[in-house]
Amino acid sequence: MAKKEQLGACELCGREEVILTVHHLTPKEMGGTFEPTADLCIPCHKQIHALYTNAELAIRLNTIEALQHDKQIASFLKWVRKQPPSRLPRMKKSNERKKK
C-alpha cells in the first residue's frame, strides 16, 4: 500500500501547502530511530542531506533551530521561501559534502 502524501507547513522553511516528508533530526544510523522528527518539505529535506553528513546532523544540527541558524542552509531557506509550493528544485551536493 502506497503512503498517502501529507500536505502541510514545512517546519524548516515555513512554506504552507507543501508535500511533507519525515526528517529524523538525529539520523537513524546515528541512533535516532526513536528520537524526535520534523515534517519538512521535499526541497528542504533534500538540501539538508546534500549539505551535511549524518555525523554533522547528529552532533550539531539535530534541532530545527540549529538548522535554521546554520549559515550554509540559511541562504537556501531565504530562496526557497519565495518558491511556489509545487516547485521541486534540483539539489546538488555542496563541494564540502562531495569531499566527505
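A residue counts as buried when its relative accessible area is under 20%, as exposed when that area is over 50%, and as partly exposed in between. The views below all show a predicted model.

View 1. The structure holds one aromatic pair. In general, an α-helix has 3.6 residues a turn, so residues three or four places apart point the same way. F76 has a relative accessible area of 9% and is therefore buried, whereas W79, with a relative accessible area of 34%, is partly exposed.

View 2. Within α4, the buried residues are I73, F76, L77 and V80. When the helix is seen down its axis, these buried residues fall within an arc of 105°, so they line one face of α4. They pack against two other helices, α1 and α3, the latter formed by residues 64–69. On the face turned away from the buried side, α4 carries the exposed residues K71, S75 and K78.

**View 3. Helix α1 within the rest of the structure.** Helix α1 runs from residue 42 to residue 51, and seven of its ten residues are buried, so the helix is largely enclosed by the rest of the structure. The buried residues of α1 are P43, C44, H45, Q47, I48, A50 and L51.

**View 4. L40 and its surroundings.** L40 is located in strand β3, which is made up of residues 37–41. Its relative accessibility is 0%, so L40 counts as buried. Although L40 and E11 are 29 residues apart along the chain, their C-alpha atoms are separated by 5.7 Å. If neighbours within four places in sequence are left aside, the residues in contact with L40 are C10, E11, L12, I19, L20, T21, H23, H45, I48 and I64. Two of these contacts, H45 and I48, are also among the buried residues of α1.

Conventions: Residues numbered from 1 in each chain as written. Predicted model: local features only at pLDDT ≥ 70, side-chain atom pairs only at ≥ 80, totals over all residues. Heavy atoms only, no water. Buried < 20%, exposed > 50% of the residue type's maximum accessible area, 1.4 Å probe, protein only. Helix = DSSP H or I, 4+ residues; strand = E, 2+ residues; numbered from the N terminus. Phe/Tyr/Trp six-rings, centres within 6.5 Å; stacked < 30°, edge-to-face > 60°. Arc of directions from axis to C-beta. Contact = heavy atoms within 4.5 Å.
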